[in-house]
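Morning, everyone. Please bring up the model, and I'll walk you through its cavities and its aromatic rings.

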Amino acid sequence: MKAFTRLFDALNKTTKTTDRINALVNYLKEASDQDRLWTIALLAGKRPKRAVNSTSMKEWAAQEANLPMWLFEESYQVVGDLAETIALILPYEDGNDERDLTGWMDHIAKTGTLDEDQKKQEVITSWKQLKKSERLIFNKLIGGSFRMGVSQKSIVKALAKLTELDENEIAHRLMGNWSPKTHTFSSLVLEKTGKEDLSRPYPFYLAYQLDDKADFNANPEEWYAERKWDGIRGQIIKRDGSLYVWTRGEELVTDKYPELQALIHALPDRTAIDGEILPFKNENVLSFNELQRRIGRKTVGKKLLEEVPVVMVAYDLMEFEGLDIRERSLEHRRELLEETVKQVGHPSLRISNLLVFKNKEDLASIRAESRQHHAEGLMLKRRSASYKVGRKRGDWWKWKVDPLVIDAVLIYAMRGHGRRANLYTDYTFAVWNGSELVPFTKAYSGLTDEEFRKVDRFVKRNVIDKFGPVRSVTPELVFEIAFEGIARSTRHKSGIALRFPRMSRWRQDKKAEEANTLEDLNEMLDIYG
């Protein structure tokens, strides 16, 4: 644990990618193979499930520190991170346990199987055995909250530097359904893919937002244009008679979409297709809000299957007849994709239609109609492009429609977390319904650090009431709220829910009475909902 804690601290102290990669390489050179594997898993987001719930952790820590719970909660609000709060308030001297990361991960897994009293004793004993900095890591690991701001790309680069293997090959090997319990470092990173990896997806190719620096000339002989669908990016893979459906978040969701499972009898073996899982009914794409009704459900009932059926809209082919064809041109891959979809001939597998255009003005007109098709905009892809790994500039561009906007009044504020723990940065906004302000959304991003500090000062000077960590403030400040979609909601007083809300402007030129109304939102709902 000592070495892993030093790595955690080193990664936390810098935002420079090269420094982070070097810190990872230095750590991996010295770590055991099993610690290497656990480190890769943790940094890649493959955390073990929570062994102890946060409520118990709070109570035990407060008891050990001899603090009343209200004071613990106030401390937590200031620090902004539960694991760090506990590490700071515990009154113990530093321990000197010599177990490595793997030893502690085994210990945490065993603790998770105990009854509540036994868990308490094990956690308290563990706190006493560790140094303060190590307690922070332990708290995050046992509470299931370990996150580290290291990109998958940095992990891949560090492993490539350590092993002298190709980055794209390593990125592919890190995909899929693996864990430190099923693999060794050698079988995951060093050895060739074996039969146990038949389900393994390919790393996704991601597009950059089209901007003034984009190398895009709108020549239809050089580019393909498609709609940028608003669904779940995924891959359908069939190998050795088995079908696998993966999301971009590396979640295996085959069982959640029985419509796609039906492709097992029609899709050719040794095939991997990249596309979008979309809600689709009566030959029309439904809104993402409909798809959300199925996301996260362990089981999907017959009624919901009938109301929100899904399809895979395919737009690329990565594996054909068992061959990795990502290095071939998109034009060639598209031809094979069209043949494959036609051969399958199943209603659950569609192909993303290519749009006809002559110039950028044509594309701008098509893009303007995106919301009518429940699309986010356009995808622009160079015909000669290979299928790359991760976000690469030059061959794939996304040209999203401008967000919808509404002017709203700030009515509630909460403190943020992490580096914003001492500032009020999480806000609730309202619009007018007659003479009443009706809350309709929350937002916590979009302002500069200086603007957040100014709003924080306003909140502290203008508190009307307190509800736990929430502060009701004088309804005076107006902000432009940008969002990608709008839908009806029975869970909100306003009857409306927004998709990806954020603050796009502080409207210091407007008074609160000039903010928009609930009627304005309902008109948007009629048009775009």
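**Cavities and rings**

The largest cavity has a volume of about 240 Å³. A cavity here is a set of points on a 1 Å grid over the protein atoms alone where a 1.4 Å probe fits but cannot get out, and lining residues have an atom within 4 Å of a point. Volume is the space filled by probe spheres set on the points, which are joined across faces, edges and corners.

This is a predicted model: local features need pLDDT of at least 70, side-chain atom pairs count only at pLDDT 80 or more, and totals for chains, interfaces and linings use all residues. Residues are numbered from 1 along each chain as its sequence is written, and side-chain values use heavy atoms, with hydrogens and water left out.

Leu24, Leu28, Thr39, Ile40, Leu43, Ile155, Ala158 and Leu159 line it.

Now the rings. The whole structure holds 14 aromatic pairs. Rings of Phe, Tyr and Trp (its six-membered ring) pair if their centres lie within 6.5 Å; planes under 30 degrees apart are stacked, over 60 edge-to-face, the rest tilted. Take Trp104 and Phe138: centres 5.5 Å apart, planes at 70 degrees, so edge-to-face.

Which residues do ring pairs link into a cluster? Tyr427, Phe429, Phe452, Phe479 and Trp506.

Last, a charge. The charged end of Lys381 sits over the ring of Trp396, 4.2 Å from its centre. The rule: NZ of Lys or CZ of Arg within 6 Å of the ring centre and within 35 degrees of the ring normal.

Methods. 1 Å grid on protein atoms, 1.4 Å probe; cavity = no way out; pocket = protein on both sides within 12 Å on 5 of 7 lines; lining within 4 Å.
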